[in-house]
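Here is a short report on one protein chain.

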Amino acid sequence: MPRNYDKIALTDDEQAELFEAADVARFASVGPDGLPHVVPVAFTIVDGQLCFETDADSVKVKNVESTGKAAAVVDAGEAEFNQHRGIQWRGSARVVDDREFEKEIERGLFGTVKSVPDAGRHQRVKIALTPERTVSWDFRKIG
């Protein structure tokens, strides 16, 4: 039986609401061995891009610098499957090298221009994922 995903897709307003309510995204990049590397990240949406801060020497930074591609899922309601909803973004990813854009990411993440407190000696960078393909679902819409 063919599936009609349009019936369960989140509207733009519903997507914005989920992004606002969610604390964590699952960010996926691909390593040199061709295997996915998936990690939870605290995120913000800036100029239509999913953005977060991480250590400059992290695996996800190396993967993004190598491929320029990534994906992320933001979801909620996993305790009750029929209440589950989510958004998957797939597209281009980059390490941000624009200080003004970095400041917008910091404001979105921390409410002010700063980096993670007590990051110690770790250099911090920001990653931005620009969606080229978006899939969303809301199982609550299934009758």
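Residues 24 or more positions apart make up 68% of the contacts in the protein chain with a separation of 6 or more. Note that this is a predicted model.

The protein chain has three helices and seven strands. Read from the N terminus, the order is α-β-β-β-β-α-β-β-α-β. For 143 residues, a compact globule would have a radius of gyration near 15 Å; the protein chain has 16 Å, which agrees. Along the principal axes, the C-alpha atoms fill a box of roughly 55 × 35 × 25 Å.

Of the 143 residues, 38% count as buried. The chain carries 19 positive and 25 negative charges, and their mean positions are 3 Å apart.

Now take helix α2, residues 59-67. Its buried residues are Lys60, Val61, Asn63 and Val64. They cover an arc of only 165° around the axis, which puts them on the same side of α2. An α-helix has 3.6 residues a turn, so residues three or four places apart point the same way. Lys62, Glu65 and Ser66 lie on the other side of α2 and are exposed.

What covers the buried residues of α2? The cover includes these strands:

| Strand | Residues |
|---|---|
| β1 | 24-30 |
| β2 | 36-42 |
| β4 | 49-55 |
| β6 | 85-95 |
| β7 | 124-138 |

Just after α2 comes glycine 68, with a positive phi of about 70°.

Notes. Residues numbered from 1 in each chain as written. Predicted model: local features only at pLDDT ≥ 70, side-chain atom pairs only at ≥ 80, totals over all residues. Heavy atoms only, no water. Helix = DSSP H or I, 4+ residues; strand = E, 2+ residues; numbered from the N terminus. Rg over C-alpha atoms; globule rule 2.2 N^0.38 Å. Buried < 20%, exposed > 50% of the residue type's maximum accessible area, 1.4 Å probe, protein only. Contact = heavy atoms within 4.5 Å. Lys, Arg positive; Asp, Glu negative; His and termini not counted. Charge placed at Lys NZ, Arg CZ, Asp CG, Glu CD. Arc of directions from axis to C-beta.
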